[in-house]
Structure formats: C-alpha cells, structure tokens
Amino acid sequence: MIRTFATHNIRKQQELTGSLWEFVPCQGEYAGQTFQTATPCCWENLSDFSDYRGEGIFRKKFYAGGTIRLELKGVSHTARVYLDGKEIAGHYNAYTAFSVIVKDLEECGHTLEIKADNRFSSESALHIPNDYMSYGGISRPVVLEQLDELYIRLLHITPYMENGEWKARAEIFVVSLSGKDQAVDVSLSVAGKVHHWKKVMIRANEECMLCEDFVFDQVKTWEMEHPELYYAKAELERDGQKIDDLIDRFGFREIRTDRDRILLNGHAVRIKGFCRHEDHPQFGCALPYAAIAADLEMIRHLGANSIRAVHYPDDEIFLDLCDEQGILVWEENHARGLSLEDMQNPNFEPQAEAVIREMIPLHYNHPCIYIWGILNECASDSAYGKECYEKQYDLIRSLDPSRPRSSASCKFKTDLCFGMPEVVSYNIYPLWYHDTPPAEYLDDLYQWVQRETGGRGKPFLVTETGAGAIYGFRNNHHAKWTEEYQAEALEKQLTAVMEHKGCSGVYIWQFCDVRVSDEWFAGRPRTMNNKGVVDEYRRHKLSYDVVKRIFEFYSDYLDITPDS
Ligand code: ADA
C-alpha cells in the first residue's frame with residue numbers, strides 16, 4: 001500500500017512491492033542462493049536471516065516501456081539500483097524516499113534489482129550501532145510510474161489565516177524531460193477552488209514553478225478533535241489531452257509559538273505523547289498498514305494526542321493516518337546520540353542534511369506535522385556541534401518557514417543551542433538513570449534554561465521520560481526492570497511534567513519495546529530497549545493503565561486564554 005488515498009488518476013502508477021520478490025544474500029552461509037520473500041520486508045524477518053548483516057539483492061520482473069519513474073520509499077540502509085543489469089541509482093539512509101527516471105525504455109519485460117546493505121562502516125555516519133535496530137531490506141514500497149515528457153514533481157499547499165479568513169498558497173513544480181520547449185495548460189483545484197494557467201511554456205529539460213493564492217470562505221479548520229482534510233489536485237493538459245496529475249491532501253491549520261506556548265489554531269496545546277520507533281518482531285521496520293494502524297489505535301486508547309517519530313522520518317502511511325485522526329507529529333531527521341567524534345565524520349553533515357532535504361518537501365503537506373526536529377542527543381554542548389545545529393536549523397527554515405523547530409537534548413546544563421530553535425526540548429530520566437525526584441530535577445533544569453540560555457521564555461517540552469520494565473517481570477520489592485517499578489516511575493515523571501507551569505507537555509519513552517543493535521547488548525536486557533509501555537508484541541505492561549489514567553485526566557489544551 002502506497003498511501004491511504006490515490007495520488008494519481010491520470011498518471012499510471014503500480015506498486016511493485018506488495019508481492020513476492022526474489023532475495024539473494026551476498027555474503028555468509030547462503031551467499032548466492034535465491035529465496036522468495038514477500039515485500040516490503042526486512043530480511044531479519046526471514047527465518048535464516050534474523051541476524052544477517054551484509055548485502056542482499058531483491059529482484060523483481062515487470063513489464064513497461066517509454067519513460068518510467070521508479071520511486072523507492074525506503075531501502076535499508078544503503079541502496080544500489082539496477083535495471084536490466086545496469087546501475088541506475090544509489091541512495092544512503094533507510095528512512096527517506098528517492099526516485100529515478102529512465103527514458104525511452106523498450107516496451108517489454110524488465111528486471112529490477114535492488115541491492116541493500118545494512119553494514120556499519122565509516123561511510124555511514126547516521127546508521128551506526130545504536131539503541132534501535134538498523135534492519136536490512138526494502139522496508140517501504142517500490143512504485144513504478146509511467147511518465148509523459150512533462151510531469152508534476154511536487155505540489156505544496158501552505159494554508160494561513162489572514163484577517164479571520166483561511167487562505168492558502170499553492171506551488172506546483174512542473175518538470176520537462178523533453179529536449180524542446182513545450183506549452184501546457186495547467187489546472188489546479190485546492191479544496192474546491194480552481195485556477196487555470198493557459199499555454200504555460202515549459203523550457204526544455206527545465207523545471208517551472210507556478211504559484212497561486214486562494215481565499216476560502218467555507219472551509220473547516222483541521223483540529224485534533226475534528227481533523228478535516230481537503231484535497232489539492234494539479235493536472236497538465238496538452239493539445240486537449242490530459243497528460244499528468246498529482247493529488248495531495250492538506251488541512252487548514254496554523255502552528256506557531258507565542259511566548260512559552262505552542263499554539264495550534266491559536267490555542268495552547270498540551271502535548272501528551274509517545275516516542276515511537278518503527279519496529280515490530282514480525283516486520284522489523286517494514287510495518288504494514290494494519291500494524292501501523294493498530295499502533296495508532298492503541299496510542300489513542302492510551303489518551304495520547306501526539307507522537308514523536310524517533311529518530312528518523314517515518315513512512316507516509318503513518319503520517320496519512322495521523323492526518324486522518326488528528327494526531328500531532330514531531331518528525332525529525334535521522335540522528336541519535338552522535339558524539340562530537342561521530343559528527344566530525346566527513347559524511348555526517350552531507351548525510352544528515354540530505355535527510356532534511358528529502359524529508360521536508362515530501363512531507364510538507366501533512367497537517368499532523370507540527371514541528372521539525374533535528375539531531376536527538378547529539379553534541380549540542382560543543383562549538384563544532386553548535387555550528388552543525390545552526391546549519392541544519394537554517395536549512396529547515398529555507399525549506400519550510402511555517403513550522404517551529406526543536407531538538408531533543410540530554411546535555412544537562414551544558415547545551416549551547418537553545419538560542420536557535422523556537423522550542424526547547426529535553427530528554428530526562430529521573431528515577432531511572434539517577435534518583436533525583438522528577439519534579440525537583442525538571443524544575444532545576446527549567447530554571448537553568450530560563451536563567452542562562454537563549455531558550456528563556458520559549459516553549460519547553462520534555463521529549464523523553466520513562467523507565468525500563470521487562471514484560472511479566474514482577475517482584476515484591478519493586479526492583480528496577482519490574483513492571484511495578486516502571487508504572488510507579490512513570491506516574492511520578494508524568495505528574496511532575498503535567499504539573500509544571502512552564503512545560504508544554506511530554507513524550508513518554510517509549511510506546512513499545514524495540515530491538516537494538518547487537519553491540520548494545522550490555523545495558524539492554526534481551527538486546528531490546530525495554531522502556532515500552534507495551535512490549536514488542538504490544539502486550540500491556542502495568543504502566544499502561546497508569547499512563548492512560550494520567551493522559552485522560554489532563555486536557556489537550558493548556559489553561560490559558562486563547563488568542564484570537
Ligand atoms: C535517549 C535516546 C533514546 C533512548 C533512551 C534510553 O534519551 O534519545 O533513543 O536511547 O535514551 O532508553 O535511554
């Protein structure tokens with residue numbers, strides 16, 4: 001499944017995944033042998049490859065001709081793509097989409113081979129042994145499209161409220177794959193309002209951007225309680241024939257910060273959220289629609305209103321479902337706990353910036369995304385790190401001026417970067433990694449931010465708090481790792497945040513237990529991060545009901561007078 005709605009009526013599109021592919025591992029005991037696997041998939045979920053780290057070729061035959069576009073929504077983590085034996089594309093990073101266009105393809109059967117590599121090396125600055133698993137495989141859909149010489153690459157809708165009216169700016173990016181200039185009629189419909197451009201000249205092999213502002217009188221606002229969605233449709237017509245289209249969805253909503261509050265449509269939201277990894281014992285990071293939907297159902301049942309997608313951009317199916325259900329999403333680029341030395345890897349900056357460049361334009365229209373995050377727990381306490389943070393914040397601003405930015409820090413009273421983003425965020429683990437009472441620890445940190453950093457007066461979020469518990473492990477003295485201990489710790493941690501007047505909310509670390517890289521076995525029983533409120537099979541721990549009670553007790557909005 002590509003998205004939860006059709007993005008083309010005119011352009012022919014076909015998912016190549018969602019079927020059996022051949023899989024050929026390149027190293028190890030089974031090197032060169034051919035297996036069959038359903039796709040999308042992580043090879044760790046195939047019986048003989050649960051701990052395979054190496055390269056593997058995924059092969060599929062398809063029939064097509066003319067100009068085709070292949071979109072690969074996620075290959076973990078380094079990809080090389082071959083068509084009929086010839087290399088046509090390469091990509092690094094499991095969690096962002098990439099595409100390749102092939103022109104003048106002979107109309108016949110073709111063979112697509114995707115070589116995935118999940119090994120760690122100095123080439124890979126972002127996928128390193130970590131507190132989550134870097135799986136191997138085709139973890140998200142592969143899509144085949146048939147293109148004309150002119151096609152719509154992107155459609156961006158930016159809604160904004162002006163003088164009490166909803167307006168939206170629409171931008172369409174039309175690409176020419178032709179060697180000659182061509183005139184085309186472009187039509188655009190945004191939430192029912194229509195605009196036409198006649199005989200637009202698209203220069204040979206260039207991209208043309210068209211822009212239009214719309215005013216609306218009857219549209220409904222996208223709210224957490226009523227997540228109204230609207231469609232935007234762009235079409236190209238040449239010589240009376242429709243040749244391409246692109247459909248996307250958006251919502252009329254405004255996010256901004258005002259003093260120490262995060263405002264959704266002018267109302268100060270209280271974040272009650274979970275950090276969620278894409279991880280499942282049966283699917284690795286390649287969760288199918290039903291598993292994603294089941295996670296979201298459970299998260300809503302727990303009384304949460306937000307998800308922090310850690311520590312990388314998520315599958316668009318997840319974002320579609322959050323749009324549809326009014327769940328606010330913190331989405332971040334891919335980086336977890338990189339040290340100064342990790343950040344000094346010459347590949348770090350280009351790879352981390354590429355994630356931002358690939359994530360924002362593609363996810364731009366999702367109303368659920370209310371904040372862009374970067375560099376979770378990286379070296380924000382060093383001068384070099386600070387330069388990197390600054391560049392990435394600037395890059396986000398250049399791609400999307402409409403959303404606040406933040407970064408989850410763990411640098412206790414040493415962070416140098418709070419002057420840059422709109423929101424200050426801390427990951428805190430009182431009662432787990434140290435025994436300071438949560439309310440005391442939180443307020444001490446909060447007061448330091450106000451007193452000594454550029455983050456003073458900004459919204460303050462607790463982006464992680466939690467404690468480990470091994471499912472089924474209980475004892476009479478409530479030791480660490482018991483379900484009892486986790487439930488009690490979470491109760492105190494959550495209450496401290498909810499009762500703190502300066503805090504805009506909290507994300508629990510984490511929704512479910514997740515597999516971690518083998519290198520992390522020492523501090524992680526079962527080689528899992530066990531801080532889930534449910535285990536990896538989504539079985540409730542004792543903390544489930546505690547969290548649900550607290551989240552349901554506190555409203556979705558903070559008790560301040562909403563502005564107009
Ligand atoms: C950090 C980190 C998470 C996870 C967590 C933990 O805050 O951001 O990825 O590792 O700690 O479980 O300790």
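I began with strand β23 (residues 306–309) and strand β24 (residues 328–332), which pair in the parallel sense over four bridges; I took two strands as paired if DSSP finds at least two bridges between them. Helices (H or I, at least four residues) and strands (E, at least two) are DSSP runs, numbered from the N terminus. Within this pair, I found Leu328 of β24 to be the bridge partner of Ser306.

Before going on, I noted that this is a predicted model, in which local features need pLDDT of at least 70 and side-chain atom pairs count only at pLDDT 80 or more, while totals for chains, interfaces and linings use all residues. Residues are numbered from 1 along each chain as its sequence is written, and side-chain values use heavy atoms, with hydrogens and water left out.

**The nine-stranded sheet**

I then traced the open sheet of nine strands, which has the order β26-β25-β24-β23-β22-β30-β29-β28-β27 with parallel pairing. At its edges stand β26 (405–406) and β27 (408–409), each with a single partner strand, so one side of each is left without a neighbour in the sheet. Helix α1 (residues 289–301) packs on the sheet and touches β22 (271–276) and β23, its direction making about 145 degrees with that of β22. For these entries contact means heavy atoms within 4.5 Å, and axes are lines fitted to C-alpha atoms, for helices over the stretch in contact, with angles from 0 to 180 degrees between N-to-C directions.

I looked next at β30 (residues 503–508), where six of six residues are buried, buried being under 20% relative accessible area, exposed over 50% and partly exposed in between (1.4 Å probe, protein chains only). Four bridges join β22 to β30 in parallel, and Phe274 has Ile508 of β30 as its bridge partner. Strand β29 (residues 460–465) is likewise joined to β30 by four bridges, running parallel, with Val462 opposite Val506 in β30.

**The core**

Which residues touch the most other members of the largest nonpolar core? I found Phe274 and Tyr370, in a core of 101 residues; such a core is a set of buried Ala, Val, Leu, Ile, Met, Phe, Trp, Tyr and Cys residues joined through side-chain atoms within 4.5 Å. Helix α7 (residues 483–499) gives the largest share of this core, seven residues. Leaving aside neighbours within four places in sequence, I listed the contacts of Tyr370, among them Ile271, Ser306, Leu328, Arg403 and Tyr507.

**Around the ligand**

Of the 13 residues around the ligand, I noted that Asp131, Glu377, Tyr433, Glu464 and Lys531 come nearest, a residue being near if one of its heavy atoms lies within 4 Å. A polar side-chain atom of Tyr433 lies 2.5 Å from an oxygen atom of the ligand, and for Lys531 I read 2.5 Å from a polar side-chain atom to a ligand oxygen. His311 places a polar side-chain atom 2.7 Å from an oxygen atom of the ligand. This His311 sits in the loop between β23 and α2 (316–325), and a cis peptide bond with omega of about -25 degrees joins Val310 to His311.

I turned to His127, which lies in the loop between β9 (98–117) and β10 (137–138) and counts as buried at 0% relative accessibility. The side chain of His127 reaches the backbone nitrogen of Ala94 at 3.2 Å and makes a polar contact with the side chain of Ser134 (2.7 Å). A polar contact is a pair of N or O atoms within 3.5 Å; within protein, one must be able to donate a hydrogen and the other to accept it, and residues adjacent in sequence count only if both atoms are side-chain atoms.

Asp295 lies in helix α1 and is buried, with a relative accessible area of 1%. Apart from neighbours within four places in sequence, Asp295 is in contact with Arg276, Leu287, Phe511 and Arg538.

**Backbone points**

Most residues other than glycine have a negative phi, and most peptide bonds are trans. Lys199 has a positive phi of about 45 degrees although it is not a glycine; Lys199 is found in strand β15 (residues 193–202) and is exposed at 61% relative accessible area.
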